[in-house]
Structures are given as C-alpha cells and as structure tokens.
Amino acid sequence: MGWAISGSSVAATARDDPPSFFLKPAPFRYARPRFLADALELLGAGEHDVKLLAGGQSLVPMLNLRLLRPTVLVDLNGVPGLDHIAPLPGGGLTLGALVRHADLAQSPLVRERTPLLAEAARHIGHPAIRHRGTLGGSLAHADPAAELPAALLVLGAELILEGPRGSRTVAADRFFQGLLATALGPDEILTAVRVPAHGRGWGFGEVVRRSGDFAMAGVAVVIDRHAPAGSCDSARIVGFGVSDRPMRFADSERALLDSDGGDAAARAGAAVTCDPPADVHASAAYRRHLATVITEDTVRQALARLSA
Amino acid sequence: MMTAAERLTIRLTVNDRPVEREVVVRRSLADFLRENLGLTGTHVGCEHGVCGACTVLVDGRSARSCLLFAVQLDGASVTTIEGLTPPDGLSPLQRAFCDTHAMQCGFCTPAMIVTATELLAQHPSPTEEQIRDALAAQLCMCTGYVNIVRAIQAAAGARPAMP
C-alpha cells in the first residue's frame, strides 16, 4: 500500500507514482468527455456510482474525506458551451452550469439584470473557491446553507436538465427537495439555468462565524411596488441555513404586504416562522433569532432600494 | 463509447516550464507538485479546502491545489511559490514579509505570498479591508495576521513597513 514506509514497498512504486502519506480519495476512474452526449452515456452506462465533477469545491472534500466513493468521475469541464452568460429577450439571463462563482459575481450582465444573484455569489467562500466553484455544482449539491439555491428560489428561476430522453425544465421551487436532495435523476445533467430579471427592490444578507464559512442563517428578498403608495405589492422572502432546503418565509411575505409602511421591515422579521436545525455552530433558537434579524435587515435594504 | 481511465498522461506548464507526466487520476495537484515534481513549497494542511496552505495560481487565478486532480490540469498553466521567487534572492513581497516579521513557523507563508501576489495584481494599492478580505482565505495559526497585513502594505508601498 502507498502508506507503507518499508523500503520494498516504496521501491515497488513506479517513479512517477511516488507514495503519498496524505489524505486520499478512494480509487476511481476518470473521464473528460468533450460532448454532453458522451457525458450522458457515461452517466447511464450502468456503473453503480458515477459522479459528475464540475468545480469540485464540495465534491472533492467529500472524496478526500471518503464520505463518497464513486467508481467513475466524469469531468464536465471539457464540454464546451456550458459556461455561457447570455441575455434573454424578456430581460432575464440564461446561465450555463459551469459558470464560476467569481464570474457570476463580476459579470456586468449579471450585475445589471440580476444584482441579487451577483451579490449571493460574492458571499460564497473565498476567491480561490469562487474561481473554481460552479453555479450548476452548487445547485446540484443543494447544501441547505448555500447561497445560490436560495437566490434561484427567490428569483423564481428555472433549471434545465438534460437526460437520455431529452431535456426538461424544472422550477426552482420543485428542484430542491431536501438535504442534498434535488429533482435531478441519476441519469440527468443540470446544464443551464434561466433567471428572470428582477426590479430595484432586493436585499441579501447572511451571518457566518468566520468570513467565507457556510451561513448559520441567511435571507434573500425581492419586492416590488406597482401602485404609487404603500410599501410594496409583491414580495418573495427566502431563508437559507434554517431548514433542509431554502424555504419561503410566507408569513413574513404576508406581514410585509399587509403593512402600510412604517415598521414593515420589523413586522416581516417578527413574522418569520421556521424550525431550523441545531448543530455545533448554532442552536435552533439562535438560528431562528438570526433569521428574524436578517429578514428585517434585508427587507429594509430592499425597501430602501425601491424608494431610491 | 468513451471509457474512464485509471492513469492518464498530462501535459501542462508549471512555472513557465513544460511538464509531461503519467499520473494516477486520483492524485491531487498538490501531491503532484510536491511528490512528482519535487516542488515542496506548496504546503498541504487540511486537504479539504479550508486552510488555504496549498493555494497556487491556475491560469493566473488562485485555486486550492488539494481540491484539483492533476489530470484536470492538462493544458493549464500552474504557478507555485517557486515560480514567484526570483533566481537570486527574494521578490519585493518576500522581502517585505522578512522585514516586517510576517512569518513565524512559515507553514502558511508560501500560500500567503501567492494570495498576496494575486491581490496586488488586481489592486496595486489595496486598502487594509481588501487585504484582510483576501487573507481571510488563508489560515495562519501563529502571527495574528497583523504583520502579514503590514508586509503587504509595505510591498504595495502604501505605508511604512513598521510603525
């Protein structure tokens, strides 16, 4: 074994395959297809555990810690055309699954049409993580504390899934199905996302223990006002890190729509209803408190932008 | 039908030199640099993307080399601390780290230099907030970061090295 430090074991190793004393993933085989059809074929070839590799910023830690032991890794980075950022006629965007977080955060088109999505991407990890991590990878991984699933849910985005029988479109509110669970079939690949543009009334915030960590709790808000008076007449508020998936704060949305200005943000915050998990980072009560405070804060951001 | 391989031959550029090697596909870029190429300046800490000690530049952008497999780097250009060090002596950034006592055990230092190099390329005169934001990606267990911030400020010419 590579771990053995006896002379014979080391000598038996080929020169360009020196032994390693470090953490290693379990052995797997690797393919880097240049066509989506090849990737789909590898995925559906009957191997019992095939994993898709995009940015690898969540997958590779899980491989290194041997929480996952796939037999085959299919690297999508050789498939051209999966990293596009393009405008849609109605004002929205179509984004390829391999768009990196750093590009999402910096793209002028994303910042102009869906600034909430750019802001959400800016909150992910650190530059070195954002340079590699991808939109599609984050969505397919579906960590309940991740920023992009919440951003897609609050914006009412659609996800494009390619499979052996063709393509299908799934709305964000049906895509996220639980802890690390999505509507993706085992033979399907998430290839792109369609995100509608949003108005000026948006807010985004999260609380982390250390810069770059997953959020203990976070909130994304989009509101709009069509009538000249009142606070707003449409509202979507989504919390993350407070359930097994990103969730709408329906009671907060209602409280906000029923408010006639004044302390609308505080009422939306006070109306937050959620049953967050407790772990070593934060108790359920603390997460609920954070959700309340961040909701008030992000609604305030959104109202201020709407009135600016 | 295309097949998946256990070993592959990769061609890439490391510190401006062409490299061609056959590798086991599960070998990380960090291990490839250290063990196949003998470039031990890239340090390996947590091996799951948290500590930042293994940070290198891939096609000019910082990346955790423990979260990349060497086979993914076919055709890419990688720069390590060895590539950021002049043949003789030290770079101004490295000199500033020495002058301000910005290292103690030195384990995080190569990746600190890599990260600071990227920061100064993007922001030649960074604010303290920008420096601290960039350094948040790198764990240092010794210094408390104060002298590392000073070193980067000194290298940027933003203010005197020590008060």
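Let me begin where the two chains meet: in this predicted model, 34 residues of chain A are in contact with 33 residues of chain B. If we ask which elements of chain A give two or more residues to the side that touches chain B, they are β1 (29-31), α2 (36-43), α3 (59-64), β3 (72-75) and α7 (127-132) of chain A. The largest share of that side, 5 residues, comes from α7(A), and I would ask you to keep that helix in mind, as we shall come back to it. As for the kinds of residue on the side of chain A that touches chain B, they divide into 17 nonpolar, 9 polar and 8 charged.

Now to chain B itself, whose secondary structure comes to 5 helices and 5 strands, and whose elements, read from the N terminus on, run β-β-α-β-β-β-α-α-α-α. Along its principal axes the C-alpha trace of chain B spans about 65 × 30 × 25 Å. How does its radius of gyration sit beside that of a compact globule? With 163 residues, such a globule would have a radius of gyration near 15 Å, and chain B, at 17 Å, agrees with this. Of those 163 residues of chain B, 48% count as buried, and among its contacts between residues at least 6 apart in sequence, 57% join residues at least 24 apart.

Finally, a word on confidence: the model scores ipTM 0.93 and pTM 0.92, while chain B averages a pLDDT of 94, with 96% of the residues scoring at least 70. The stretch to treat with care is residues 158-163 of chain B, over which the pLDDT is below 50, although this stretch has 10 contacts in the model beyond near neighbours in sequence. Where pLDDT is low, the predicted coordinates should not be read in detail.

Definitions and conventions: Residues numbered from 1 in each chain as written. Chains lettered and ligands numbered in written order. Predicted model: local features only at pLDDT ≥ 70, side-chain atom pairs only at ≥ 80, totals over all residues. Contact = placed C-beta atoms within 7 Å. Helix = DSSP H or I, 4+ residues; strand = E, 2+ residues; numbered from the N terminus. Nonpolar A, V, L, I, M, F, W, Y, C, P; charged D, E, K, R; others polar. pLDDT = per-residue confidence, 0-100. Rg over C-alpha atoms; globule rule 2.2 N^0.38 Å. Buried ≥ 20, exposed ≤ 12 C-beta atoms within 10 Å, placed from the backbone.
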